[in-house]
Amino acid sequence: MEINRHHKLLIGLGVAAAILIIRLFTIQVLNPEYKENAANQSLVYETIYPSRGIIYDRNKKILVGNKVAYDILVTPREVTNFDTLALASVLNVDPEFIRSKMDEYKKNRSRIGYNSVVLLKLIPAETYLQFAEIQYKFRGFRGQARSIREYPINAGGNLLGYVSEVDENFIKNHPGEYKSGDYAGKTGIEAAREVDLKGEKGYHVYLRNSRNQIKSSYNDGALDKEAVPGQDIMTTIDAELQEYGQLLMQNKVGSVVAIEPGTGEILAMVSSPGIDVSMLADIGHHYNEIVTNPYRPMFNRAVQAPYPPGSVFKLVNGLIGLQEKVLVPSQTYPCNMGYSYTSTRKLGCHAHPSPLNLTQAIMMSCNGYFCYVFRSILENKKYGGTPEAFDVWRDYVTSFGFGDKLGSDVPAELGGTIPTSKYYSKIYGKNGWRFNTIISLSIGQGEIGVTPLQIANLCATIANRGYYYIPHIVKSSDGIKIDEKFNERHYTKVDTTEFKKVINGMYLAVNGGPESGGTAVGAAIEGLDLCGKTGTAQNPRGDNNSVFMCFAPKDDPKIAIAVYLENAGFGATWACPIASLMIEKYLTGDIREERKPVEQRMMETNLLQKVKTD
């Protein structure tokens, strides 16, 4: 009995031991996961950075590409005694720079651990090669090649944006996506399309020995991961037109927006003064210079600056009057150097023949005429007073894309302002205001604020005879799809049949000849049938703003453009020729010889001193 119990105990212990041995054998020998976990403390991951996606213009010209850059990295815990003077000499830096950096790493050694940190960025290729030859003398130091952005064409610095190293806040706001030393798009298209452009990082895995030295590739590279390049982006921008617009706008404050009416694609978007693309590749070096510039080159005036539209807005009031049946195109109104709305007050106008019908009023940009039109809208007897009529007017205006963001894919777009009846009733009382109170809205002044993008969109809407596509700067391409909203037509509340009545006035404003009184005859281009409207917007901070919008050709519009120049005076003087030159350049590929002096004058004139920057 005792023997049997003894045998059973031995057998039980033997079985338990066998199970334990088999289990240990399975974990330690057969299961690679255990070995990887056990070795994890000895593994070194070296990041492989992907090439960032290329940004193209609409014709497949590279706007933003990549080139190789070189950095020097150091893993502080691997560093042994080294010749500081020799390293400083080959890297072409002051020895004290290296000493201070090593002291800094020593203080932060617990945070750094066995990670590598960047000692020097963007060193010359020859310096990198010289260091590579003697790298073996400096344990813990190594070179790293990575791609950075390059800009073959000086087109759209503000629009393209820049890439820079991520900071702690950025890393915190994008958990798990970025780490110190990574780069990301911070502004413009680079930021808006960061998810597509950045690609996916890879890594090489190396084994570290007991002395913390990298010994070899781990498991013959079985755990290595290849980097995935970023997606390429095709924009709607025409690089040549964008670059030409920047030349015309140099030494001026304002913006240019050009749109293809039939698609809503933005052909050019110039904000001036802007950022030269040579600064974008090394934004850190130029950052202070940019942010302290009193003309704010990082501010995209095309979508962020709400301005009074001035006389271009007369077209909107005219179209609303036509739709509301309070305006007949043949109807004439007088203008005796303006519109007198009290016995002592008058909204002035320039000298021109009087009375005028709708076509003539647009052609000559008559203020008085459109005061009568706006008054007829607000005093329409079918509405129960000015506030109700004003609400109807506002609904029409917002249907043209004013008063809110258009919803474009241009980063940082703002919406401008269109006042409400509640706004005026709060100031003057519900029955305390009428047409005379807000007469300035007749000619695009007062409480109206619009962006140059919205003015260009208005021009595209008129060119399309009543509808627009939301303006956008990215095209669908391989792997990139744009929102379907950019393919939808947005109709105004004005019937499409009414638009030809204002287009005739826009055509004659340009093509009526010098004796016609047209305000934009200087924009005429033989054979292109350009239609335009000038604007001179009052500005409390100095000279008036110069505004012009136009499209061409009249019956098959390929381009609609708006130019807005701060403190530049009459619309016909500066904005008009710039827009006309850009249309000629886009549609014909060149500027006629007889127009070269105009082109030269636009490029050489400096209007910066007219703009107050305080």
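R592 is partly exposed at 26% relative accessibility (buried is under 20% relative accessible area, exposed over 50%, partly exposed in between, with a 1.4 Å probe and protein chains only). Its salt-bridge partner is E594, with the closest N and O atoms 3.5 Å apart (a salt bridge puts a side-chain nitrogen of Lys or Arg within 4 Å of a carboxyl oxygen of Asp or Glu). E594 itself counts as exposed, at 56%.

This is a predicted model, so local features need pLDDT of at least 70 and side-chain atom pairs pLDDT 80 or more, while totals for chains, interfaces and linings use all residues. Numbering starts from 1 along each chain as its sequence is written, and side-chain values use heavy atoms, leaving out hydrogens and water.

**Other salt bridges**

- The structure holds 27 salt bridges.
- K61 pairs with E240, the closest N and O atoms being 2.6 Å apart. K61 sits in the loop between β2 (55–56) and β3 (62–74) and E240 in helix α11 (residues 239–249), so this pair ties together parts 179 residues apart in sequence. (Helices, H or I with at least four residues, and strands, E with at least two, are DSSP runs numbered from the N terminus.)
- K61 is partly exposed, with a relative accessible area of 32%.
- K501 forms a salt bridge with E498, and their closest N and O atoms are 2.7 Å apart. Here K501 is partly exposed at 28%, while E498 is buried at 5%.
- R52, R149, E190 and E194 are linked in a salt-bridge network.

**The five-stranded sheet**

- An open sheet runs in the order β12-β11-β19-β18-β17, with antiparallel pairing (two strands pair if DSSP finds at least two bridges between them).
- Its edge strands are β12 (265–272) and β17, each pairing on one side only.
- Neighbouring strands are turned by 5° against each other on average, ignoring direction (axes are lines fitted to C-alpha atoms, for helices over the stretch in contact, and angles run from 0 to 180 degrees between N-to-C directions).
- β17 (residues 531–537) joins β18 (residues 545–552) through seven antiparallel bridges, with A537 opposite N545.
- On to β19 (residues 559–565): seven bridges connect this strand to β18, again antiparallel, and M549 has A562 as its bridge partner.
- Six of the seven residues of β17 are buried.

**Helices**

- α21 (residues 499–511) lies across β17 and β18, at about 80° to β17.
- α22 (residues 575–588) lies across β11 (254–260), β12, β18 and β19, at about 150° to β19.
- α3 (residues 84–91) packs against α6 (residues 125–134) at about 145°, with axes 8 Å apart. L87, V90 and L91 of α3 meet T127, Q130, F131 and I134 of α6 (contact means heavy atoms within 4.5 Å).
- That contact counts five nonpolar residues, two polar and no charged (Ala, Val, Leu, Ile, Met, Phe, Trp, Tyr, Cys and Pro are nonpolar; Asp, Glu, Lys and Arg are charged; the others, Gly among them, are polar).

**Cysteines**

- Searching the whole structure turns up zero disulfides (a disulfide is a pair of cysteine sulfur atoms within 2.5 Å).
- C531 is in none, and its nearest cysteine sulfur, that of C459, is 8.7 Å away.
- For C550, the closest cysteine sulfur is also in C459, at 6.1 Å, too far for a bond.
- C531 is buried at 0% relative accessible area, and C550 is buried at 0% too.
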